[in-house]
Amino acid sequence: MRIDGEERLAFCSNDYLGLANDPRLAAAMHRGVDDYGVGAGAAHLINGHFTPHQRLEEELADWLGVDAARLFSTGYMANLGVVGALVGRGDTVLADRLNHASLVDAAQLSGARLSRYRHNDMADLERRLATARGERLILTDGVFSMDGDVAPLAELVALADRFDAWLVVDEAHAFGVLGHQGRGSFEAAGIVPGERVLRVGTLGKAFGTAGAFVAGAAEPLEVLLQRARTYLFTTAQPPAVAEASRAALAIVRDEDGRRQRLEALIRTFREGVAALAGFEPMPSSTPIQPLVVGDSDRALALAEQLAGQGLMVPAIRPPTVPRGSARLRITFSAVHTDEHLASLLAALDTLQAGG
Ligand SMILES: Cc1ncc(COP(=O)(O)O)c(C=O)c1O
């Protein structure tokens with residue numbers, strides 16, 4: 001990146017597969033503009049739903065092996081839409097405490113009671129499910145955005161089945177990255193999601209474009225069409241963006257080499273950090289590799305020192321993360337080179353040397 005005229009090597013993007021600048025996506029978007037113009041002009045249910053939207057929804061459903069997928073304009077809106085469509089006043093949303101802010105907002109806006117269980121603590125979730133009122137909806141990140149760890153899906157599915165609850169999993173940081181053909185955390189865990197599981201994906205991260213989708217069984221997807229307010233009452237994403245996302249999906253599906261490259265980067269980084277004094281990698285096998293520092297001021301100071309060495313690594317502080325757990329949030333992309341990684345490790349090493 002170039003910031004205020006200075007080059008920085010970025011380790012903070014969610015463009016995990018390096019697709020945001022891929023010429024094939026750019027060409028697809030240009031074609032989309034030539035064929036459909038720039039804006040959708042209206043909501044999907046008025047006349048904003050174009051052929052590229054329809055094809056993208058079908059191709060996403062086909063890729064994941066589900067009945068249907070529904071496009072939203074952003075992941076934030078997809079989360080608000082899906083939760084608000086499925087539950088309301090008198091119901092209960094059971095949410096992991098480390099969920100992304102959009103999931104917290106989704107639960108609050110739905111009017112349902114919000115019950116937050118300890119991070120990945122299935123005994124706590126079980127206790128809360130047992131006393132929950134109304135329709136129950138379990139809400140979790142598939143890969144946690146600030147920690148990089150994964151949700152215990154097998155146990156979540158078993159609890160959802162036992163208590164007849166919806167399970168909504170935000171796969172923003174998993175689709176494209178985990179599992180065969182990038183199909184996400186369920187595929188990586190070898191679990192086939194049932195009828196009461198809905199998965200949310202955003203297209204602005206590994207897909208390199210913008211927008212989002214919810215994928216699942218025909219019936220809840222029909223409910224979204226009828227009731228998701230962030231689907232109904234907003235302009236559809238530009239059809240050219242959907243064309244770019246279609247090009248992205250083909251690459252996500254077919255170019256496993258990008259995921260292998262990410263795995264290699266993650267492995268080398270973790271080995272490298274483990275050898276440095278003072279930093280300890282978190283239990284994450286995903287491209288999100290945070291280094292917890294604790295104190296917010298120290299995290300900021302370290303981020304500034306890294307910036308001084310030409311690196312962009314953000315200091316993430318409360319309220320984005322729990323108090324006392326400020327961190328450097330390092331993320332990798334398949335287009336990072338071995339030299340990029342070596343510069344990062346060398347810079348981290350100087351931070352330690354300097355205390
Ligand atoms: C876990 C998670 N869910 C949802 C979102 C929101 O997606 P979008 O950027 O498409 O609104 C983000 C971040 O942007 C995220 O990290």
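Modeller: The largest pocket holds about 330 Å³ of space. This is a predicted model, in which local features need pLDDT of at least 70 and side-chain atom pairs count only at pLDDT 80 or more, while totals for chains, interfaces and linings use all residues. Residues are numbered from 1 along each chain as its sequence is written, and side-chain values use heavy atoms, with hydrogens and water left out.

Biologist: What makes a set of points a pocket, and which residues lie nearest the centre of the largest pocket?

Modeller: On a 1 Å grid over the protein atoms alone, a pocket is an open set with protein on both sides within 12 Å along at least five of seven lines, whereas in a cavity a 1.4 Å probe fits but cannot get out; lining residues have an atom within 4 Å of a point. Here 16 residues form the lining, and Leu-98, Asn-99, Pro-319, Thr-320 and Val-321 lie nearest the centre.

Biologist: Why is helix 6 called roughly parallel to helix 7?

Modeller: Helix 6 (residues 122-131) and helix 7 (residues 153-162) pack at an angle of about 10°, with axes 11 Å apart. Angles under 35 degrees count as roughly parallel, over 145 as roughly antiparallel, 65 to 115 as roughly perpendicular and the rest as oblique, so helix 6 is roughly parallel to helix 7.

Biologist: Which residues of the two helices meet?

Modeller: Met-122, Leu-125, Glu-126 and Leu-129 of helix 6 meet Glu-155, Leu-156, Leu-159 and Arg-162 of helix 7, where contact means heavy atoms within 4.5 Å.

Biologist: Why does Ala-132 count as buried?

Modeller: Buried means under 20% relative accessible area, exposed over 50%, and partly exposed in between (1.4 Å probe, protein chains only). Ala-132 has 10% relative accessibility and therefore counts as buried. Ala-132 is in the loop between helix 6 and strand 7.

Biologist: How do Asn-120 and Asp-164 fall under that definition?

Modeller: Asn-120, at 22% relative accessibility, counts as partly exposed; Asp-164, at 53%, counts as exposed. Asn-120 lies in the loop between strand 6 and helix 6, and Asp-164 in the loop between helix 7 and strand 8.

Key
Axes are lines fitted to C-alpha atoms, for helices over the stretch in contact, and angles run from 0 to 180 degrees between N-to-C directions. Helices (H or I, at least four residues) and strands (E, at least two) are DSSP runs, numbered from the N terminus. Grid points are joined across faces, edges and corners, and a volume is the space filled by probe spheres set on the points.
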